[in-house]
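Me: Could you pick one part of this model and take me through it slowly, with the cut-offs spelled out? I'd like to see how it sits in its surroundings.

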Amino acid sequence: MFLNPQEVAELTGYQGPKRQIKWLIANEYPYEVGGDKQPKVLRSLVVSRLGGMVEHAPQEPKLHLT
């Protein structure tokens, strides 16, 4: 669901959470700060924002009764 700490560092170019948060704000990425003081960024947001396809859970087969 969320980027892992290394992925947040890759996205922002910074290792420390204060600089990561500053970058996220400047680039208008929504985030939450966890109890560990690290920014949490939704993976699906980053993928869609960078032009990728977000993978969805496979849908259940549909039963058609006639």
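Reply: Lys37 counts as exposed, at 59% relative accessibility (exposed is over 50% relative accessible area, buried under 20%, partly exposed in between, with a 1.4 Å probe and protein chains only). Before going on: this is a predicted model, where local features need pLDDT of at least 70 and side-chain atom pairs count only at pLDDT 80 or more, while totals for chains, interfaces and linings use all residues. Residues are numbered from 1 along each chain as its sequence is written, and side-chain values use heavy atoms, with hydrogens and water left out.

Back to Lys37: it sits in the loop between β1 and β2 (39-40), and its phi is positive, near 70 degrees, though the residue isn't a glycine. For orientation, the protein chain has three helices and two strands, and from the N terminus they come as α-α-β-β-α. Helices (H or I, at least four residues) and strands (E, at least two) are DSSP runs, numbered from the N terminus.

Now the helix itself. In α2, the buried residues are Gln20, Ile21 and Leu24. Looking down the α2 axis, they fall within an arc of 100 degrees, so they line one face of the helix; the arc is taken from the directions from the helix axis to the C-beta atoms. On the other side of α2 you find Lys18, Arg19, Lys22, Ile25 and Ala26, which are exposed. The buried residues of α2 pack against α1, β1 and β2.

Which residues does Leu24 touch, leaving aside neighbours within four places in sequence? Its contacts (heavy atoms within 4.5 Å) are Leu11, Thr12, Tyr29, Tyr31, Pro39 and Val41. Leu24 also belongs to the largest nonpolar core, seven residues in all, together with Leu3, Val8, Leu11, Tyr29, Val41 and Val46. A nonpolar core here is a set of buried Ala, Val, Leu, Ile, Met, Phe, Trp, Tyr and Cys residues joined through side-chain atoms within 4.5 Å.

Glu28 has a positive phi of about 55 degrees although it is not a glycine, and at 65% relative accessibility it is exposed.

Zooming out, 20% of the 66 residues in the protein chain count as buried. Among contacts between residues at least 6 apart in sequence, 23% join residues at least 24 apart. The protein chain exposes about 5600 Å², with carbon and sulfur atoms supplying 56% of that; the areas are Shrake-Rupley values with a 1.4 Å probe, and for residues only the protein chains shown count as cover.
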